[in-house]
Amino acid sequence: MAEKVATGTWVELHAIVLTAGERAPQAPEDTQHVPLEMRFKGILVEAAAIGEEAEVVTASGRRIKGTLATVNPAYTHGFGAPIPELSTVGEEVREMLRERGHFT
Amino acid sequence: MSLDRSYRGVIARRQEIMRRSLGLDYERYVTGVLSFDYERLLGDAGYEIEKIQAVQARTAVGSTPLVELENITALARAVAPPGKGPRIFVKDEAQNPSGSFKDRRASLSVHEAAKRGFPGVAAATSGNYGAAVASQAAKAGLRCIVVQEAFDSQGVAQPEIAEKTRACEAYGAEVIRLSVGPELFYYFLRVLEDTDYFNASLYAPYSILGIETLGYELARQVEETTGRFPDAVITTHAGGGNVTGTARGLIKAGASETQMIAASVDLTGLHMASDHDFNRKSFTTGHTGFSMPFTTWPDRADVPRNAARALRYMHRFVTVTQGEVFYTTQMLAELEGLERGPAGNTSLVAAFAIAQDLDQDRIVVVQETEYTGAGKHPLAQLNLARRMGIKIMRGDPRDDVPGRQIVVPEHPSQIRVSEIDLDRVRRSYLANAVAAVPQDTRLEPVDIEFLAAETQSTPSYVEEILDEMRRTAG
């Protein structure tokens, strides 16, 4: 049996808000074919394993239920590698200003 | 009895939910079939400029520096015809507490929520506004919930929105992240219904009045620096609040001759509610996916009557490309020492292009910057674009195809705006207005006057276009 995540742990839950058939009529076709999903974070109310139904208390104090997805979810967004198409822009425009004597 | 939580069930209760969460009865302002008293709606909020300034000063919102972009001006002159190339200034709105002009919008909403005793505030936004509401709520001691459209069906988050999730959480807010779709508003209504929080809508009167100080300050700062008001102010345009509030502030400062230019990133061809297209957009705001529908019909917002009504105030509407914005963002960092977020620089691209046609003694103001950082950065956006199979290349920005290829200009002389024909926008607005009229109902003179004000035209122009539409339809 999967190990339980302890009560009081900061976690992210996942839930389906609307299934593919329940979506807004104005949603475009590709969007109609997938469910409306929701992810939210909070403090686990009772110990549960990943993939099990669970409940959290959110930062605003609400209790919401969903499926336990991630323990202490990380912020993974960043910058990534430099983009060569942008890397030389600064030098190009500085050179133009140097040519005109604006920069020395 | 439990509430109907289906899409239709919740949407059917929208009027009641909004009335409670805004504490505002929009019915009071109705004057005709379509018309309502816009000035009275805003006036009744009870915020004159001095009062807004006082509220904003308490949380260090506003009074941002006006910075002259001398090097960018020199570059614009290097590629302009002789004698052309006005002085370009930027209002460094990134220096607001949460890093964007959105603090101005959030400040009055949160102030009202606290004053009226609401236990918290909620907002449906994937952008800077969420962080602004969260920041203001933190200071006011109110709870805060932000509902975002954040990831696609593959679970891939838009990096800029991921950063906004982090920022909102840093201010102690609860963030609900939804997958792609038009149901953000539906879920937001559920949150309001569950919590009885204040609806800190981007489109309520407070949110627009809060921006008036931006236009007002800007006019005063330019006058102090140069002895006169700016010739043109360029605003990044999405939902219409930025154009509306800034223009109203300019007028209140006496700068009523200043030309108001709205600028958006061209995302033509990408559907805003499409799961497939979601991560093929390198901009999450300031783009035509918002600005076109909101300019041609503002009342598609999360309030019954949108206080942001851009077509009343804009004198020109232009678009620029994604590649041009990334290029100019790099230029701002490397020529002016200002590393700022890309979306806010949309108006800087337009300023650079428009500078080609204006005399050197003119003054152009780019009305905002926004903070930058992980996710909210050209590198993060372009790395995602590449992963999504979008081609990135140097070349002529006219070859930019949203969702397919991003073309970074090879030379600053290639930076151009595309002009949107305002007459077509007005016709499109009037067509949407006519579609909103219930069957067998005739528009009254007060409606025609209203439509003329909405489109900056005259009653006879409105009558003429409506006649034309009737003839074509018949």
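Visitor: What order do the seven strands of the open sheet in chain B take?
Guide: This is a predicted model, and in it the order is 1-2-10-7-8-9-13, with mixed pairing.

Visitor: Which strands stand at the edges?
Guide: Strand 1 (66–68) and strand 13 (418–419) of chain B. Each has a single partner strand, so one side of each is left without a neighbour in the sheet.

Visitor: How does strand 9 of chain B join strand 13 of chain B, parallel or antiparallel?
Guide: Antiparallel, with two bridges between strand 9 (residues 316–320) and strand 13 of chain B. If you want a pair to click on, T319(B) has S418(B) as its bridge partner in strand 13 of chain B.

Visitor: And strand 8 of chain B with strand 9 of chain B, parallel or antiparallel?
Guide: Those two pair in the parallel sense, over five bridges, with strand 8 of chain B covering residues 259–265. There, A262(B) stands opposite F317(B) of strand 9 of chain B.

Visitor: OK, stepping back. What does the secondary structure of chain B come to?
Guide: Chain B has 18 helices and 13 strands. Its radius of gyration is 22 Å, close to the 23 Å that the globule rule gives for 474 residues, so chain B is as compact as a globular protein of that length. The C-alpha atoms of chain B fill a box of roughly 70 × 50 × 45 Å along the principal axes.

Visitor: What percentage of chain B counts as buried?
Guide: 59% of the 474 residues. On the contact side, take the pairs in chain B with a separation of 6 or more: residues 24 or more positions apart account for 76% of those contacts.

Visitor: Which residues have the most contacts inside the largest nonpolar core?
Guide: V121(B), V133(B) and A350(B), in a core of 160 residues. Helix 10 (residues 205–226) of chain B gives the most to this core, with nine residues.

Visitor: What does V121(B) touch?
Guide: Leaving out residues up to four places away in sequence, the contacts of V121(B) include V110(B), V133(B), L142(B), C144(B) and F198(B).

Visitor: How is chain B split into domains?
Guide: The domain assignment gives domain 1 (1–420) and domain 2 (428–473). Their C-alpha centres lie 29 Å apart, and the contact takes 10 residues from domain 1 and 16 residues from domain 2 of chain B. On the domain 1 side of that contact, the residues divide into four nonpolar, four polar and two charged.

Visitor: Changing topic: what pattern does chain A follow along the sequence?
Guide: β-α-β-β-β-α-α, which is three helices and four strands.

Visitor: What radius of gyration does chain A have?
Guide: Chain A has 24 Å, whereas a compact globule of 104 residues would be near 13 Å. The C-alpha atoms of chain A fill a box of roughly 70 × 40 × 30 Å along the principal axes.

Visitor: And what share of chain A counts as buried?
Guide: 28% of its 104 residues. As for the contacts in chain A between residues at least 6 apart in sequence, 50% join residues at least 24 apart.

Visitor: How many residues of chain B are in contact with chain A?
Guide: 53 residues of chain B, and they meet 39 residues of chain A. The largest share of the chain B side, six residues, comes from helix 13 of chain B. That side divides into 30 nonpolar, 14 polar and nine charged residues.

Visitor: Which strand of chain A is joined to strand 5 of chain B?
Guide: Strand 2 (residues 36–44) of chain A, through three bridges, and the two strands run antiparallel. To see one of the pairs, look at M38(A), whose bridge partner in strand 5 of chain B is L178(B).

Note on methods
Residues are numbered from 1 along each chain as its sequence is written. Chains are lettered from A and ligands numbered from 1 in the order in which they are written. This is a predicted model: local features need pLDDT of at least 70, side-chain atom pairs count only at pLDDT 80 or more; totals for chains, interfaces and linings use all residues. Two residues are in contact if their C-beta atoms, placed from the backbone, lie within 7 Å. Ala, Val, Leu, Ile, Met, Phe, Trp, Tyr, Cys and Pro count as nonpolar, Asp, Glu, Lys and Arg as charged, and the others, Gly among them, as polar. Two strands pair if DSSP finds at least two bridges between them. Domain bounds come from an automatic or database domain assignment. A nonpolar core is a set of buried Ala, Val, Leu, Ile, Met, Phe, Trp, Tyr and Cys residues joined through C-beta atoms within 7 Å. A residue is buried if 20 or more other C-beta atoms lie within 10 Å of its own, exposed if 12 or fewer, and partly exposed in between; C-beta atoms are placed from the backbone. The radius of gyration is taken over C-alpha atoms; the globule rule is 2.2 Å times the number of residues to the power 0.38.
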